[in-house]
Amino acid sequence: MNKILLTGGGTAGHVTPNLALVPYLEKAGFSVEYMGSYDGIERKLVEAAKIPYTGISSGKLRRYIDVKNLTDPVRIIKGLHEARHYMRVNKPDIVFSKGGFVAVPVVIAAAERHIPVVIHESDLSPGLANKISIPRASRICYSFPETEKYLTRYKAIHTGLPVRDDLLNGDAEKGRAVCSFRDDKPVVLVIGGSLGSVVVNEAVRASLPELLKEYNVIHICGSGKTDEALKGTPGYVQFEYVSEELPHMFAAADIVISRAGANVINELAAIRKPAVLIPLGTNASRGDQLLNAESFERRGFSAVLREEALTPASLTKTIDEVFADRQKYADAMTAAGHSNACEAITDIIISTLQESRDIHR
């Protein structure tokens with residue numbers, strides 16, 4: 001049986017696409033193991049999926065002044081030694097990386113031993129971790145068609161993003177029942193990323209007096225970010241985090257309000273959900289969410305509301321406009337053929353492994 005080592009971490013967006021691939025890889029005859037940081041979010045998610053997990057030391061390469069810049073290089077070097085030890089002892093046949101800084105030493109250690117590496121880039125423009133890893137990869141898969149211009153020197157393939165099968169099979173009635181919605185008002189689902197967003201949460205709550213006249217609102221607001229004063233408000237339900245019920249809530253939603261992380265917006269495209277995207281600005285990120293959101297707006301999948309323009313009035317107005325044109329957005333996503341990339345990426349992993357064996361035979 002072939003052994004594949006998955007890696008990626010730092011945020012849920014670096015982990016959930018890997019987990020979406022696992023059933024396809026196992027069906028293709030791979031035994032699956034995972035390498036991530038000692039105590040990052042990836043460890044909790046992967047161990048919950050009962051996949052063998054190895055933790056390594058992890059640091060971050062920053063482009064700004066931070067006291068951790070003095071200590072993180074030591075952690076990175078330690079992680080590289082640990083990844084090299086794993087490669088020598090466990091001898092995976094191939095590595096698949098979803099990015100994040102924990103993946104860099106894993107990719108380097110694999111390349112040193114001529115173990116083929118397939119990388120997936122979720123965002124429109126590659127981040128620093130993947131920029132370091134990409135030259136060492138046999139194949140690079142990517143989510144956005146515009147990403148091709150950054151990868152012209154490499155063996156890159158536009159696949160889209162792996163999406164969990166369960167998201168494609170939600171039940172709208174179950175979603176409404178979980179939220180105790182008993183009328184037929186349309187549903188707005190709010191998601192602010194794995195940690196939630198204070199800015200989005202505050203804007204949504206300030207908009208509730210107007211929104212609840214026309215919509216029911218499901219608000220996934222992040223750990224510790226529920227508002228006790230709003231509990232029991234008719235037509236409004238809050239959750240810190242949702243797991244098993246999320247596919248049903250997606251199915252129940254008529255439109256979604258979301259940040260513009262690559263993972264979540266590609267999931268929305270796969271399930272054909274029109275959205276109002278509120279991307280993180282360059283003051284809080286490297287600008288990847290702005291590029292992601294602009295791509296979706298350009299292709300007619302979503303509307304974009306910049307954070308600096310976000311007010312209760314602008315949010316309500318944009319929600320009304322997207323709801324009125326919801327079929328147009330859904331049709332654009334359908335016409336683009338945006339689908340689950342799990343099968344395509346699994347096929348690429350299989351062919352990359354075979355090519356590597358042919359070369360080293």
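**Rings, charges and cores**

Analyst: In this predicted model, Tyr-34 and Tyr-53 are both buried.

User: What makes these two residues count as buried?

Analyst: The word is used when the relative accessible area is under 20%, and Tyr-34 and Tyr-53 both carry that label.

User: How many aromatic pairs does the whole structure hold, and why is the pair of Tyr-34 and Tyr-53 called stacked?

Analyst: The search finds four aromatic pairs. The ring centres of Tyr-34 and Tyr-53 are 5.9 Å apart and their planes meet at 10°, so the pair is stacked, given that centres must lie within 6.5 Å and planes under 30 degrees apart. This pair links distant parts of the chain, since Tyr-34 belongs to strand 2 (residues 30-37) and Tyr-53 to strand 3 (residues 53-56), 19 residues apart.

User: What makes the pair of Phe-296 and Phe-301 edge-to-face?

Analyst: Their planes stand at 85°, with 5.1 Å from centre to centre, and an angle over 60 degrees counts as edge-to-face.

User: How do you know that the charged end of Arg-326 sits over the ring of Phe-323?

Analyst: The charged end lies 3.9 Å from the ring centre, where the limit is within 6 Å, together with a position within 35 degrees of the ring normal. Lys-328 likewise lies over the face of Tyr-329, at 5.3 Å from the ring centre.

User: Which residues touch the most other members of the largest nonpolar core?

Analyst: In that core of 57 residues, they are Phe-250, Ile-257, Leu-315 and Ile-319. A second, separate core has 27 residues, including Ile-4 and Phe-96.

Notes. Residues are numbered from 1 along each chain as its sequence is written. This is a predicted model: local features need pLDDT of at least 70, side-chain atom pairs count only at pLDDT 80 or more; totals for chains, interfaces and linings use all residues. Side-chain values use heavy atoms; hydrogens and water are left out. Rings of Phe, Tyr and Trp (its six-membered ring) pair if their centres lie within 6.5 Å; planes under 30 degrees apart count as stacked, over 60 as edge-to-face and the rest as tilted. Helices (H or I, at least four residues) and strands (E, at least two) are DSSP runs, numbered from the N terminus. Buried means under 20% relative accessible area, exposed over 50%, partly exposed in between (1.4 Å probe, protein chains only). A nonpolar core is a set of buried Ala, Val, Leu, Ile, Met, Phe, Trp, Tyr and Cys residues joined through side-chain atoms within 4.5 Å.
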